[in-house]
Amino acid sequence: MAAAMARLGLRSVKQVRVQFCPFEKNVESTRVFLQAVSSERVRSTNLNCAVTVDVRHDGSEPCVDVLFGDGHRLIMRGAHLTAQEMFTAFASHVQTRSAEDSSDKPDAGTRR
């Protein structure tokens, strides 16, 4: 899990919204993900990214909603995911979005 956290970044992310009920049994992975995304090192990768937390006492399912700069949305239901699975899915989507952003620029590969 340390390797997944090491490559965590918010480069192409516009907003991360985390929602959970702290009294449910299945929120540990969502809380671990929130702790990693909220760390100063990860937040410094994109200062314009908003990380919001919605803590509820209604028994709702833990959920992470990630909005990317290009409008793509990743929704992870944390009740049946491990923190490792959440990190892997998030890193994969960030990498895909970053690659698409760099390929959209006309002189992306010509800078020295």
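Analyst: Two strands are said to pair if DSSP finds at least two bridges between them. Strands (E, at least two residues) and helices (H or I, at least four) are DSSP runs numbered from the N terminus. In that sense, β1 and β3 pair in the antiparallel sense over six bridges.

The structure is a predicted model, in which local features need pLDDT of at least 70 and side-chain atom pairs count only at pLDDT 80 or more, while totals for chains, interfaces and linings use all residues. Residues are numbered from 1 along each chain as its sequence is written, and side-chain values use heavy atoms, with hydrogens and water left out.

The sheet is open and consists of four strands in the order β2-β1-β3-β4, with mixed pairing. Its edges are β2 (50-55) and β4 (73-77), each of which pairs on one side only. On average, neighbouring strands are turned by 10° against each other, direction ignored; axes here are lines fitted to C-alpha atoms, for helices over the stretch in contact, and angles run from 0 to 180 degrees between N-to-C directions.

Strand β3 (residues 63-68) also pairs with β4 in the antiparallel sense, over five bridges. C63 has R77 of β4 as its bridge partner. L67 of β3 stands opposite R73 in β4, and Q15 stands opposite L67 as well. A hairpin is formed by β3 and β4, with four residues between them, and G71 in the turn has a positive phi of about 95°.

How many residues of β3 are buried? Six of its six residues are, where buried means under 20% relative accessible area, exposed over 50% and partly exposed in between (1.4 Å probe, protein chains only). C63, D65 and L67 point one way from β3, whereas V64, V66 and F68 point the other way.

Helix α2 (residues 28-37) packs on this sheet, touching β1 (13-20), β2, β3 and β4, and its direction makes about 145° with that of β1; contact means heavy atoms within 4.5 Å. The buried residues of α2 are S29, T30, F33, L34, A36 and V37. They lie on the same side of α2 because they cover an arc of only 165° around the axis, the arc being that of the directions from the helix axis to the C-beta atoms. The face turned away from this buried side carries the exposed residues E28 and Q35.

Rings of Phe, Tyr and Trp (its six-membered ring) pair if their centres lie within 6.5 Å; planes under 30 degrees apart count as stacked, over 60 as edge-to-face and the rest as tilted. The whole structure has two aromatic pairs. The ring centres of F33 and F90 are 5.5 Å apart and their planes stand at 80°, so this pair is edge-to-face. F33 in helix α2 and F90 in helix α4 (residues 83-104) are 57 residues apart, and their pair links distant parts of the chain. Both residues, F33 and F90, are buried. Ring pairs link F33, F87 and F90 into a cluster.

A nonpolar core is a set of buried Ala, Val, Leu, Ile, Met, Phe, Trp, Tyr and Cys residues joined through side-chain atoms within 4.5 Å. The largest one has 24 residues, and those with the most contacts inside it are L10, V13, V16, F33, V64, V66 and F90. β1, α2, β3, β4 and α4 are the elements that give two or more residues to this core. Its largest share, five residues, comes from α4.
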